[in-house]
Amino acid sequence: MDHATSSPLESALEVRASERCRLLAETLVRRTGAHAVGLMGISAEDGTHLVLLNVDYAPETLDHHATRHYTVHTPGVRQILQRPGALHSWDDIADFRRTPLAQAVYEPAGFRNGMSVALATPGRPAIGMLHVSTREDRMDPDTLNLVERSSHVLAEWVDAMTRFRLARLSERQAQILCRVREGLSNAEIATELVISPRTVTTHVEHILRKLGVANRTQAAVLAERYGLVAPALIDA
């Protein structure tokens, strides 16, 4: 990830999903007319925007998208969030080039156009945003085409990364989730980690609540599908 992590555990929780997102983002930059790509997650609790991935934006440029000045006060953001999956370039938002975002953030960074799209899953109308900027006057059709084709995949990854980022699982909870993913029962996990079954049950309940899933099967599927738990790092 682009932000420093405080332990191998935090890196383990997101590394595979973020690598997939980075590969797609770098493809946009290398093979289309895009010059920078940023991926944001949105908290379901308070609407906070979180930087999940940054490819070639100056940190201060992308960090601006996590401020209330952008999420609440920038014209067009509400319009974008209300139409998940719809691509919005600067030219699609009335007077965007006159906004402080365009004049004080994007243009000094050398960008002359860009697009944003709200990412959604069936259960949530807006779980994140993808931002793409270019130093050309117009967005490259290849960029728009690739973004349109990949937005649903990005939405799934962003949903998972945001859940784990906000969950802030403890090291013990991550160890237990790893073993849940491997199909171990609570009793087997207790034996392997030398703790009581009741302690495991309590940890599993906390994991489910933090991840926003209904049962251990859903938690295991989430961890397996996105590679969000790496046993070698967690047990190190």
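1. A word on the basis first. This is a predicted model, in which local features need pLDDT of at least 70, side-chain atom pairs count only at pLDDT 80 or more, and totals for chains, interfaces and linings use all residues. Residues are numbered from 1 along each chain as its sequence is written, and side-chain values use heavy atoms, with hydrogens and water left out.

2. The sheet is open and has five strands, in the order β2-β1-β5-β4-β3, with antiparallel pairing. Strands here are DSSP runs of E with at least two residues, helices are runs of H or I with at least four, and both are numbered from the N terminus. Two strands count as paired if DSSP finds at least two bridges between them. β2 and β3 (88-89) each have a single partner strand and stand at the edges, so one side of each lacks a neighbour in the sheet.

3. Strand β1 (residues 36-42) is mostly covered, with seven of its seven residues buried. Buried means under 20% relative accessible area, exposed over 50%, and partly exposed in between, with a 1.4 Å probe and protein chains only. Ala36, Gly38, Met40 and Ile42 point one way from β1, while Val37, Leu39 and Gly41 point the other way.

4. Now for the partners of β1. Six bridges join β1 to β5 (residues 124-134), and these two strands run antiparallel. Val37 has Val132 as its bridge partner in β5, and Gly41 stands opposite Gly128 in β5.

5. β1 also pairs with β2 (residues 49-55), in the antiparallel sense and over six bridges. Gly38 has Asn54 as its bridge partner in β2. The hairpin of β1 and β2 has six residues between the strands, and Gly47 takes a positive phi near 75° there.

6. How many residues of helix α7 (residues 171-181) are buried? Eight of the eleven are, so α7 is largely enclosed by the rest of the structure. Among them are Gln173, Gln175 and Arg179, together with Ile176 and Leu177. Gly183 follows α7 and has a positive phi, near 90°.

7. In helix α8 (residues 186-193), the buried residues are Asn186, Ile189, Ala190 and Leu193. They cover an arc of only 100° around the axis, taken from the directions from the helix axis to the C-beta atoms, which puts them on the same side of α8.
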